[in-house]
Amino acid sequence: MYGQFYGLTDEPFRLSPDARFCFQHRSFSRAKSYFHYALGHREGFVLVTGQPGTGKTTLIDTLLGELDRSRILSVRIESAQVQGDDLVRRVAYAFGLSGEGLDKATLLHNLERYLADRVKDGGTALLVVDEAQTLPPSALEELRLITNIRPFGHPVIQIFLVGQEALRERILSPELEQLHQRILCACHLDPLSLVETRDYIEHRLQCAGWTGDPVIEAGAVRVIHGASGGIPRLINKFADRLLLHGSLEELHKLGSDDAHTVMEELSDELLLNVAAETEAERTRPADDEQITPIDFARGPTAKPRVKATSGGT
């Protein structure tokens, strides 16, 4: 609706991941580096955690989109509250194997034969388990046993565990000590800082064909950051409604008053928990953390500050 008013060519703040709008902020880039480091080792586990909406799905999409398919065989499953045997069956299904009526020993044998046939000449298989915080200890232990598959005398499958913060606590439990010892690296996706929030909004606007209309003042960015807690999905929700508000009011400059109006609307609709926006955020001195307005000061031919990749928050 606001796209026509502001001359945009796309929707900049959709809630679902979109590869064209990926913003590689600091912790996102660090997590990607850990992934590539781990892939070089071709063994063990990688643990990635973060609050809902911080870009875990985007990270997975980006990583899988950049893999060398001739060298790495990758599959992805979304976890559910299943026990160990059922998880082994799901892994077999993910690799295209039939598991109907087979016991766990047979499933593991078939999986080992399949990987021996497919993973050759220094290649590896990658299993990505999303929402892994929902897995019980028995299922996580089965994943550890899967990494013991060694048809050539060395590991041929690596597992990335991706989930919410509860996953870290579960991995640290005494009953999963052996799995904990197999973790090669672990990283956490942090919320965006104030400066990153500003750059994130500008990046997505530019990816959507923005040419400077509207200007978003620094005060509005501060309100968005405070109310969203720096969570990208909540930033999208807030920024989307701010542009809708601006188009309805026919505004070409959006300031802190407009952002507070939108924040109150979202709060009244129970669509945003604004408890994160403290009085300190409202009254923080301007020189505490300097940000500039989003005003296209670098001109209409400027490129986004961060290159879009094959994933999007």
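**Sheet architecture**

In which sense do strand β1 and strand β4 pair, and over how many bridges? In this predicted model, β1 (residues 45–50) and β4 (residues 157–163) run parallel to each other and are joined over five bridges. Within that pairing, L47 is placed opposite L161 of β4, and V48 has V162 of β4 as its bridge partner. β1 also pairs with β5 in the parallel sense, over six bridges; here V46 stands opposite C185 of β5.

These pairings belong to an open sheet of five strands, ordered β2-β3-β4-β1-β5 and paired in parallel. Its edges are formed by β2 (72–78) and β5 (183–189), each of which pairs on one side only. On average, neighbouring strands of this sheet are turned by 15° against each other, direction ignored.

**Strand β1 and its two faces**

In a regular strand, side chains alternate between the two faces of the sheet. In β1, F45, L47 and T49 point one way, while V46, V48 and G50 point the other way. Both sets are buried, and β1 is accordingly described as mostly covered, with six of its six residues buried.

**Helices packed on the sheet**

Helix α2 (residues 26–41) lies across β1, β2, β3 (124–130), β4 and β5. The direction of α2 is at about 165° to β5.

Helix α6 (residues 137–146) also packs on the sheet, where it touches β1, β3 and β4. The direction of α6 makes about 155° with that of β4.

Nonpolar side chains tend to be buried together in soluble globular proteins. The largest nonpolar core of this model contains 36 residues, and those with the most contacts inside it are F95, L115, L127, V129, L135, L143 and L161. Two or more residues are contributed to this core by each of β1, β2, α4 (84–94), α5 (104–118), β3, α6, β4 and α7 (166–171). Another core, of 32 residues, lies apart from it and includes Y6, L8, I216 and L242.

The surroundings of L143 illustrate the packing in the largest core. Leaving aside residues up to four places away in sequence, L143 touches F45, L87, V91, L127, V129, L135, I159 and L161.

**The buried face of helix α4**

The buried residues of α4 are G84, L87, V88, V91 and A92. Viewed down the helix axis, these buried residues fall within an arc of 145°, so they line one face of α4. An α-helix has 3.6 residues a turn, so residues three or four places apart point the same way.

The cover over the buried residues of α4 includes β2, α5, β3 and α6. After α4 comes G96, which has a positive phi, near 85°.

**The α11–α12 pair**

Helix α11 (residues 232–248) and helix α12 (residues 256–268) pack at an angle of about 115°, and their axes are 9 Å apart. Their crossing is right-handed. From α11, the residues F238, R241, L242 and H245 take part in the contact; they meet D258, A259, T261, V262, M263, E265 and L266 of α12.

Note on methods: Residues numbered from 1 in each chain as written. Predicted model: local features only at pLDDT ≥ 70, side-chain atom pairs only at ≥ 80, totals over all residues. Heavy atoms only, no water. Pairing = 2+ DSSP bridges. Helix = DSSP H or I, 4+ residues; strand = E, 2+ residues; numbered from the N terminus. Axes fitted to C-alpha atoms, helices over the stretch in contact; angles between N-to-C directions. Contact = heavy atoms within 4.5 Å. Core = buried A, V, L, I, M, F, W, Y, C linked by side-chain atoms within 4.5 Å. Buried < 20%, exposed > 50% of the residue type's maximum accessible area, 1.4 Å probe, protein only. Arc of directions from axis to C-beta. Left-handed = near helix turned anticlockwise from the far one by under 90°.
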